[in-house]
Amino acid sequence: MGRRDAVQVIVEVVARMRLLDPRLIVTYEPGWEKRGNGTSANYEGGIWHHTATPTSLSRPFPTQRLLRDGRSDLRGPLCNFAGPACTVERPTIHVMAAHPANHAGASGGRSMGPLPKTSLFNPRVLGLEIDYAGNAPMLPGQRHVARLWARAVADVVGGGDINRVRGHMETSVTGKWDPGYAPGKTEDLNRLRRESAALGVPQGIPVIGAIAAAYNRKVLGEATWAFFLGAPKGTEVGTLDKVGRWQEFKAGAILYHPEVDSGIAHVVWGDILQKFWAMGAETRCGYPTTDEMATPDLVGRYNHFAHPDAGVHFIKGAIREKWAALGWEVGFGYPTTDETPTPNGNGAYNHFTGNRSIYWSPSQGAVAVSGEIRDAWAASGWEAGAGGFPVSDPVVQGDVVTQVFQGGTATFSLKPSVSFQPTG
Ligand SMILES: [Zn+2]
């Protein structure tokens, strides 16, 4: 009954674990697809181990190299999967080798379950080396990973039979006692199997990765976004830029871009979602950098958005207040610079998308400058030129835009200037 497609088995075990807990963090030892002890896989079960090495959250994975390269008396790899120290909130597993590894020796120990007695056990069982000393219990996060892994291995290579996952103590013929919880004492493996079998695979459409992190984020007290958004309407899909990802739920959407807000996904819902769709969604508004939040007066609601090409920039103080008064991103574009002091040190500015800036000076406060007047002002040397700092926001009267600067008034006509010359 064993499975010989080793790489595919690993991929399926990881996918199954993710389905059981979308928070799972998976790391891969480079070359894992090719790594093995030279024998061919015929996987039909799995073995839990401890590494007998003390670990902690600050030193989570000291045996990484040993498990890959082996030791003088036993060459590597020494496992297929490793379980570094981790928390339940950030369960972590490391893929070491797809092909059989040197972890199980010969089988025929005291409690084999349905697994075979053989002198060559490694090709038959995947090995998880949980990185902890064994003379004290594994961390709760590691125990969680051990259960996820056991359930996934049973489902992927064991026809769903959790009894095909054993502890090394049960199969060893050389007196191994891992995985332990005290010196010479092995975990209650029947209990660990019961707990693994009891893990529920969520029904319906999966919510995974960064989107799951937002979906499970607490909003009010213990209530998460899942409570407000309801069930997913479809699976996660790519955005139009082919880089971002989004997923629609009954009452809203969650989206992210790996280069916006460190790839954290955020929620858009309600009236703002309607406006977001109407305005061209992320292609024009950018990606949300906050979940929808109440304004300080508790009447309004807002999201902040950012474009991946604009980056994340700091807006503060009077310039931020001005930006807010102009309608944030929707009214005045996205910041393309952090707040920057003017060269003469007398003021500060942010530039924004769409040929816009907000300049601040102690005497004039924060003033917006945009369009053709900004072009002309820039050409004259910005605030260091004859115009000096802007004094007030531009005023549109009819077809004429005027803006007062310290050095005088700038004027621009919106009316096309066309004159007809007699053709003779
Ligand atoms: Zn072992």
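Modeller: Happy to; here is a walk through the core and what lies apart from it. This is a predicted model, in which local features need pLDDT of at least 70 and side-chain atom pairs count only at pLDDT 80 or more, while totals for chains, interfaces and linings use all residues. Residues are numbered from 1 along each chain as its sequence is written.

A nonpolar core here is a set of buried Ala, Val, Leu, Ile, Met, Phe, Trp, Tyr and Cys residues joined through C-beta atoms within 7 Å. Buried means that 20 or more other C-beta atoms lie within 10 Å of a residue's own, with C-beta atoms placed from the backbone. The largest such core has 47 residues, and Phe81, Trp149 and Val153 have the most contacts inside it. Two or more residues each come from helix H1 (6–20), helix H3 (140–157) and the strands S2 (45–50), S5 (81–83), S6 (92–95) and S7 (125–130). These are DSSP runs numbered from the N terminus, at least four residues (H or I) for helices and at least two (E) for strands. H3 gives the largest share, 10 residues.

Now zoom in on Phe81. Not counting residues up to four places away in sequence, Phe81 touches Ile93, His94, Val95, Met96, Leu126, Leu128 and Trp149. Such a contact requires C-beta atoms, placed from the backbone, within 7 Å.

Apart from this core lies another, of 21 residues, including Val207, Phe249, Ile254 and Tyr256.

For contrast, look at Ala384, in the loop between helix H12 (371–379) and strand S25 (395–397). Ala384 is partly exposed because 13 other C-beta atoms lie within 10 Å, and partly exposed covers values between buried and the exposed limit of 12 or fewer.

How values were computed:
Two residues are in contact if their C-beta atoms, placed from the backbone, lie within 7 Å.
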